[in-house]
Amino acid sequence: MITLFVLPLILAFAPGAVWALRAGGLRRLWLLCSLALLAGLLAALVLSMVYSVPSTWRVVYYSLTLVGPSLLLATGSLTVANTFARTLPVQLITAFAGSLIGLSVGFAVVVSLLGVW
């Protein structure tokens with residue numbers, strides 16, 4: 001159930017990141033990334049209170065480990081791509097690719113290293 005909410009939000013971050021880069025430059029892009037990480041932290045805290053889990057910090061740790069690499073890789077790849085290509089399609093493809101690669105890295109870390117399943 002949480003995957004149905006996490007995946008669209010991760011994929012919606014890519015166009016938002018491209019918009020932030022084109023409208024405000026690198027400063028606004030990294031501000032959006034930090035605000036998205038903060039929103040993920042707050043969402044994990046709210047979900048842990050709603051579902052009354054035994055360890056709130058473990059939920060926060062797992063959720064930021066799952067979502068964090070996606071946001072950071074999308075932002076980092078856009079930062080690098082900004083110096084090479086300034087066209088909208090290239091930036092969108094770069095942001096989506098960074099986001100999906102980050103999501104797969106986060107999922108692999110949560111599943112294999114943290115032992116969730």
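In the predicted model, Ala-44 counts as buried, because its relative accessibility is 5% and the cut-off for burial is under 20%. Ala-44 is found in helix 2. Apart from neighbours within four places in sequence, the residues in contact with Ala-44 are Val-59, Val-60 and Ser-63. The C-alpha atoms of Ala-44 and Leu-11 are 18 Å apart in space, with a separation of 33 residues in sequence.

A second residue of helix 2, which spans residues 26–50, is Arg-28. Arg-28 has a relative accessibility of 37% and therefore counts as partly exposed. When residues up to four places away in sequence are not counted, Arg-28 touches Trp-19, Ala-20 and Ala-23. Between Arg-28 and Ala-17, the C-alpha to C-alpha distance is 8.7 Å, and the two residues are 11 apart in sequence.

The packing of helices was examined next. Two packed helices are described by the angle between their axes and by the distance between the axes. For helix 2 and helix 3, the axes cross at roughly 165° and come within 9 Å. Helix 2 is therefore roughly antiparallel to helix 3, since angles over 145 degrees are placed in that class. The crossing of these two helices, helix 2 and helix 3, is right-handed. By class, the contact of helix 2 with helix 3 comprises 16 nonpolar residues and nine polar residues, with no charged residues.

Helix 3 (residues 56–84) also packs with helix 4 (residues 88–113), at an angle of about 150° and with the axes 7 Å apart. This angle makes helix 3 roughly antiparallel to helix 4. Helix 3 passes helix 4 in a crossing that is right-handed. On the side of helix 3, the contact is made by Tyr-62, Thr-65, Leu-66, Pro-69, Ser-70, Leu-73, Ala-74, Ser-77, Leu-78, Ala-81 and Asn-82. Helix 4 contributes Gln-91, Thr-94, Ala-95, Gly-98, Ser-99, Ile-101, Gly-102, Leu-103, Gly-106, Phe-107, Val-109 and Val-110. By class, the contact of helix 3 with helix 4 has 13 nonpolar residues and 10 polar residues, and charged residues are absent from it.

Methods. Residues numbered from 1 in each chain as written. Predicted model: local features only at pLDDT ≥ 70, side-chain atom pairs only at ≥ 80, totals over all residues. Heavy atoms only, no water. Axes fitted to C-alpha atoms, helices over the stretch in contact; angles between N-to-C directions. Helix = DSSP H or I, 4+ residues; strand = E, 2+ residues; numbered from the N terminus. Parallel < 35°, antiparallel > 145°, perpendicular 65-115°, else oblique. Left-handed = near helix turned anticlockwise from the far one by under 90°. Contact = heavy atoms within 4.5 Å. Nonpolar A, V, L, I, M, F, W, Y, C, P; charged D, E, K, R; others polar. Buried < 20%, exposed > 50% of the residue type's maximum accessible area, 1.4 Å probe, protein only.
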